[in-house]
Amino acid sequence: MTTVRLGTGIGWRPEIADAVEAMPGIDWVEVVAENVCPGHPPASLLRLRERGVTVVPHGVSLGLGGAERPGEGRLTALAERATALGSPLVTEHIAFVRAGGPLTASPGIEAGHLLPVPRTRDALAVLCENVRIAQEALPVPLAVENIAALFSWPGEEMTEGQFLYELADRTGVRLLIDVANLHTNHVNRGEDPAKALGELPVEAIAYVHVAGGFERDGVWHDSHAHPVPRPVLDILTDLASRVSPPGVLLERDENFPPPAELERELVAIREAVEAGARARVASAPEPVREPAAAEPVAGAARERLALAQTAVLSSLVAGTPVPEGFDRTRMRVQARALAAKRADVVAKVAPELPEILGDGYRPAFLAYAQTRPMTGGYRHDALAFAEHLLRPGRVDSPRTRRALRDWHHDRSGPRPRAPRPTARLARATHRALLRR
């Protein structure tokens, strides 16, 4: 497989679109695939494409590490985005994002976040088959990313490096190595980044992610909202001392700093890669081997993985007991992080809810999320939260209850209840009065 040389890039987000267009030395950008409509890409991305800037769609919802086979609809959507953007490859995560369903004869539940797969033979066999299914459905090569994790699975049979090596060897898939996630797993799980890099098939690397985070109470949170710390840059230098990375990308998802600060981070990233290049021993890289023959996955392996992942996810989002062998403290941290993310994203997709509920929005949502897992997307979650609050005794204020009911009717009905401009103005005025 031919390696695509990407260069230095940055994650494209609507909030920094103008800044990205104006930045010098940007060779490529990465965009969250689910945030792009194939028929109507953002004008900023089209302008970048016209200038020759490569755009790579980065998926977050496929769930390749889950027990279920990847959904045909999600694969089609990812393929459409790759075609619409003229991308040379697409990327996804080695993670599971949902559980339950037919394999466990239980309701499906969503994490709303990327969760780690166990590094076991069962999980590897399922992941390899899922990756092959995705590769066959996509019009361009696929690369998969190692994720950050707050907790470890008990009884794991491989290190991260060994797991990724086996995955690449069996499927021929490219790897997207996130050096910030290696740092996260070093702090949270005691895993040595240098050992992980030493075990990786570095010749299979498609590109590299670099991002920031923060440490609290001994736990590193991969926030993508803070500056890139020196230890992450040092891991990048270590990686670049072993192989010339085809591309390196700075990720930032929120709390965006001024453009000049982002440019300084890009300079630091380039310097870290150059430092690694100076240390690299001149030697020909091992060629990427052809994928090994596909091994059939026994249905029992999927069922075992499904039961294990459902028990873990249920404990994180539905308040069921933590499975035996897991660190209960870390699982509580993960559960709180998932609930907080749900609250934040619902506030973005349904900004009227924080307006209607005011300071009561966040505590009400976090209480709701403790025992009510997400069963669909975030828009569905917003509606379910409103329905929960509209039950008798949940909201004391008649005015707040009325505004919440009106919002729910508008969002859940076949069409807006009052589409006329005067009616929209009346509702806006009503919401403004509620905030006083």
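The largest cavity in this structure is lined by Ile94, Pro116, Val117, Arg119, Asn146, Ile147, Ala149, Glu160, Phe163, Leu164, Asn185 and Arg189. The model is a predicted one. About 130 Å³ of space lies in this largest cavity. Two helices, α5 (160–171) and α6 (179–189), each supply at least two residues of the lining. Helix α5 gives the most to the lining of the largest cavity, namely 3 residues. Sorted by class, the lining of the largest cavity has 7 nonpolar, 2 polar and 3 charged residues.

How is such a space found? Rolling a probe the size of a water molecule over the atoms shows where empty space is left. In this structure there are 2 cavities of 30 Å³ or more. The second largest cavity holds about 40 Å³ of space. Its lining is made by Trp12, Arg13, Pro14, Val31, Val32 and Asn35. By class, the lining of the second largest cavity divides into 4 nonpolar residues, 1 polar residue and 1 charged residue.

The chain as a whole comes next. The protein chain has 16 helices and 12 strands. Of its 436 residues, 51% count as buried. The accessible surface of the chain comes to about 19,800 Å², and 53% of that surface belongs to carbon and sulfur atoms. Contacts across the sequence can also be counted. Among the contacts in the chain with a separation of 6 or more, 76% are accounted for by residues 24 or more positions apart.

Valine 173 lies in the loop between α5 and β8 (174–178). Leaving aside residues up to four places away in sequence, valine 173 touches Val131, Gln135, Leu142, Ala143, Val144, Leu167, Ala168 and Ala204. One of these, alanine 143, is 30 residues from valine 173 along the chain, and the C-alpha atoms of the two are separated by 5.9 Å.

Serine 314 sits in a helix, α10 (residues 299–317). At 15% relative accessibility, serine 314 counts as buried. Not counting residues up to four places away in sequence, serine 314 touches Ile109, Gly319 and Thr320.

The aromatic rings can be followed next. A pair of aromatic rings is described by the distance of the centres and the angle of the planes. The rings pair if their centres lie within 6.5 Å. By this rule there are 9 aromatic pairs.

Phenylalanine 385 has a relative accessible area of 0% and is buried. Elsewhere, Phe96, Phe151, Trp153 and Phe326 form one aromatic cluster.

The last topic is the backbone. Most residues other than glycine have a negative phi, and most peptide bonds are trans. Histidine 224 is not a glycine, yet has a positive phi of about 55 degrees. Histidine 224 is found in the loop between β11 (219–221) and α8 (230–242). Asparagine 255, also not a glycine, has a positive phi of about 50 degrees. Asparagine 255 lies in the loop between β12 (247–250) and α9 (259–279). Which of the words buried or exposed applies to each residue? Histidine 224 counts as buried at 10% relative accessibility, whereas asparagine 255 is exposed, with a relative accessible area of 54%.

Notes:
Residues numbered from 1 in each chain as written. Predicted model: local features only at pLDDT ≥ 70, side-chain atom pairs only at ≥ 80, totals over all residues. Heavy atoms only, no water. Phe/Tyr/Trp six-rings, centres within 6.5 Å; stacked < 30°, edge-to-face > 60°. Buried < 20%, exposed > 50% of the residue type's maximum accessible area, 1.4 Å probe, protein only. 1 Å grid on protein atoms, 1.4 Å probe; cavity = no way out; pocket = protein on both sides within 12 Å on 5 of 7 lines; lining within 4 Å. Points joined across faces, edges and corners; volume = space filled by probe spheres on them. Helix = DSSP H or I, 4+ residues; strand = E, 2+ residues; numbered from the N terminus. Nonpolar A, V, L, I, M, F, W, Y, C, P; charged D, E, K, R; others polar. Contact = heavy atoms within 4.5 Å. Areas by Shrake-Rupley, 256 points an atom, 1.4 Å probe, with all protein chains shown as cover.
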